[in-house]
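Colleague: I would like to learn how to read a helical model, one feature at a time. Could you take me through it?

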Amino acid sequence: MEQTIALYITSLIITLGITTLLFFVAQFKKNNGIIDIAYGLTFIAVALELASKKIETHTLAPASIVILFLISVWGLRLAYRIFMKNRGKGEDFRYLTWRKSWLRHGARYYLARAYL
């Protein structure tokens with residue numbers, strides 16, 4: 001049970017770490033669409049971390065390897081597709097609309113909404 005909780009916490013830390021880093025990059029670039037590109041990559045990072053724990057304990061089953069491979073293919077395909085779709089363009093109109101709307105309530109409100 002403790003091991004399972006530790007894995008959930010590790011997964012949460014990885015997800016929050018990537019999301020927070022990308023939030024700052026997005027604010028610097030004034031383009032919140034960056035998170036769309038990294039969405040699939042976050043799944044890969046969590047899957048790799050969980051697989052590494054299985055490798056450490058010598059419990060990585062063949063089915064787990066197949067699942068890790070499928071998650072990686074899906075995440076990379078998603079990231080590549082969104083990157084190619086958005087390459088050279090400005091911020092997606094949806095994020096731009098939200099940015100303008102949220103900034104009317106102040107910078108702190110905007111930052112909280114953009115992060116969440």
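Predicted model: local features only at pLDDT ≥ 70, side-chain atom pairs only at ≥ 80, totals over all residues.

Colleague: Which residues are buried in helix H4?

Modeller: First, the terms: helices (H or I, at least four residues) and strands (E, at least two) are DSSP runs, numbered from the N terminus. Buried means under 20% relative accessible area, exposed over 50%, and partly exposed in between, with a 1.4 Å probe and protein chains only. In H4, which spans residues 93-103, Tyr95, Arg99 and Trp102 are buried. They cover an arc of only 80° around the axis, which puts them on the same side of H4; the arc is that of the directions from the helix axis to the C-beta atoms.

Colleague: Why do residues three or four places apart point the same way in an α-helix?

Modeller: An α-helix has 3.6 residues a turn, so residues at that spacing point the same way. In H4, the face turned away from the buried side carries the exposed residues Phe93 and Lys100.

Colleague: What covers the buried residues of H4?

Modeller: The cover includes helix H1 (2-29), helix H2 (34-56) and helix H5 (107-115). Contact here means heavy atoms within 4.5 Å.

Colleague: Which residue caps the N-terminal end of H4?

Modeller: The cap is Asp92, with a side-chain oxygen 2.7 Å from the backbone nitrogen of Arg94. That is a polar contact: a pair of N or O atoms within 3.5 Å, where within protein one must be able to donate a hydrogen and the other to accept it, and residues adjacent in sequence count only if both atoms are side-chain atoms.

Colleague: Where is Glu91, and is it buried or exposed?

Modeller: Glu91 is in the loop between helix H3 (62-86) and H4, and Glu91 is buried, with a relative accessible area of 14%. Its side chain reaches the backbone nitrogen of Asn32 at 2.7 Å. A second polar contact, of 2.9 Å, joins the side chains of Glu91 and Arg99, and Arg99 is one of the buried residues of H4. Leaving out residues up to four places away in sequence, Glu91 touches Lys30, Asn31, Asn32, Gly33, Leu96 and Arg99.

Colleague: What should I notice about Lys30?

Modeller: Most residues other than glycine have a negative phi. Lys30 is not a glycine, yet its phi is positive, about 55°. Lys30 sits in the loop between H1 and H2 and counts as exposed at 58% relative accessibility.

Colleague: How do I read the way H1 and H2 pack?

Modeller: Look at the axes, which are lines fitted to C-alpha atoms, for helices over the stretch in contact; angles run from 0 to 180 degrees between N-to-C directions. H1 and H2 pack at about 155°, and their axes are 10 Å apart. That makes H1 roughly antiparallel to H2: angles under 35 degrees count as roughly parallel, over 145 as roughly antiparallel, 65 to 115 as roughly perpendicular and the rest as oblique. Residues of H1 that meet H2 include Leu7, Ser11 and Ile14, and those on the H2 side include Val46 and Leu50.

Colleague: Which residues does Ser11 contact beyond its sequence neighbours?

Modeller: Leaving aside neighbours within four places in sequence, Ser11 is in contact with Val46 and Leu50. Ser11 counts as buried at 15% relative accessibility.

Colleague: How do H2 and H3 cross?

Modeller: Their axes come within 7 Å and cross at roughly 160°, and H2 and H3 are therefore roughly antiparallel to each other. Among the residues that meet there are Gly40 and Ile44 in H2, and Gly75 and Leu78 in H3.

Colleague: What does the side chain of Ser52 reach?

Modeller: Ser52, in helix H2, has a side chain that reaches the backbone oxygen of Glu49 at 2.7 Å. Ser52 is partly exposed, with a relative accessible area of 26%.

Methods:
Residues numbered from 1 in each chain as written. Heavy atoms only, no water.
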